[in-house]
Amino acid sequence: MTEISMLDIGQGDSFLIQTSNGKQMLIDGGKDATVLGELAKVISWGDRSIDIVLATHPDMDHIGGLDEVFKRYKVGMFITSEVGGETEEYKHLIGLVNDKKIPAYFLRSGMKIIFSESEYFEILFPDRGVKNWETNTGSVVGRFVSGERSILFTGDSPASIEQYLAKAISKKLDVDILKLGHHGSRTSTTAAYLKATTPSLTLISAGKNNSYGHPHKEVLGLLKQFNIPYISTQTEGTVTLETDGVKWYRK
């Protein structure tokens, strides 16, 4: 069975994919060391390695906990968007990657991370250079596929990128599960994106009583209009979904 865990790290994003053949990919790490406690709940006891760490973009609520991950786990590869981060936290993280001699790569659409014959992670965006873009706009968008099942990770991509992708690559967006962009903010999750992705379930990673009011009522209203259920860390805590490549199960 393959497991996808949405980690309850407060206001931010962190997801762990554990494939059927034991490979692991961490997507973002929240804002602080909270991620370590949540990882311990879903990773086998004594496991101190993660094959791949993906940072969708350099904002603090996505990379703040990654330095602790790099200190605690042996990481096989670091991948991220080319969009630059000027914060001390981002510079520290890149310094840590270099110090530990972890192979690191910028991502572009068309790249695939192959886990097995039936499981892969495909990069859908960026499809161009985004070095000097606003950080959310340059977020990595990727689709994880396990057999017949699929889940789309949207980072903090705003409506403009969603609408572009819905026109440019609508067939690749058609998935079972959608991780809502930007923690359920009204700046993301357009009707066009929901029509293109056709999810049977959506995931919202947001902190309880966060100062941004995420998820916004406009987004929840849109999900209700499209009759799409959602699971949120605010009410469910850490959530793990399993698939055998044919069906999804709630662990």
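Biologist: What makes the eight strands in the order β6-β5-β4-β3-β2-β1-β14-β15 an open sheet?

Modeller: The sheet is open, with mixed pairing. β6 (104–106) and β15 (248–250) stand at its edges with a single partner strand each, so one side of each has no neighbour in the sheet. On average, neighbouring strands are turned by 20° against each other, direction ignored. A strand here is a DSSP run of E with at least two residues, a helix a run of H or I with at least four, both numbered from the N terminus. This is a predicted model, where local features need pLDDT of at least 70 and side-chain atom pairs count only at pLDDT 80 or more, while totals for chains, interfaces and linings use all residues. Residues are numbered from 1 along each chain as its sequence is written, and side-chain values use heavy atoms, leaving out hydrogens and water.

Biologist: How do you know that β2 and β3 pair?

Modeller: Two strands pair if DSSP finds at least two bridges between them. Strand β2 (residues 15–18) and strand β3 (residues 24–27) have four bridges, in the antiparallel sense, so they meet that definition. Q18 has Q24 in β3 as its bridge partner, and I17 stands opposite M25 in β3. The two strands form a hairpin with five residues between them, and G22 in the turn has a positive phi of about 90°.

Biologist: Why are both faces of β2 called covered?

Modeller: F15 and I17 on one side, and L16 and Q18 on the other, are all buried. Buried means under 20% relative accessible area, exposed means over 50%, and partly exposed is in between, with a 1.4 Å probe and protein chains only.

Biologist: Which strands does helix α1 lie across?

Modeller: Helix α1 (residues 34–42) lies across β1 (2–6), β2, β3, β4 (49–55) and β14 (239–243), and runs at about 25° to β2. Such angles run from 0 to 180 degrees between N-to-C directions, with axes fitted to C-alpha atoms, for helices over the stretch in contact. Contact means heavy atoms within 4.5 Å.

Biologist: Why is E38 with K41 called a salt bridge?

Modeller: The rule asks for a side-chain nitrogen of Lys or Arg within 4 Å of a carboxyl oxygen of Asp or Glu. For E38 and K41 the closest N and O atoms are 3.1 Å apart, so the pair qualifies. E38 and K41 are three residues apart in helix α1, which means about one helical turn separates them. E38 counts as buried because its relative accessibility is 10%, whereas K41, at 60%, counts as exposed.

Biologist: What makes R143 and E122 a link between separate parts of the chain?

Modeller: Their closest N and O atoms are 2.9 Å apart, in a salt bridge. R143 lies in strand β9 (residues 141–146) and E122 in strand β8 (residues 119–125), so the pair ties together parts 21 residues apart in sequence. Both R143 and E122 are buried. E122, R143 and K172 are linked in a network of salt bridges.

Biologist: How do you know that D176 and R149 are buried?

Modeller: D176 has 15% relative accessibility, so it counts as buried, and R149 is buried at 16%. Their side chains meet in a salt bridge at 2.8 Å, N to O. By this rule, the count comes to twelve salt bridges.
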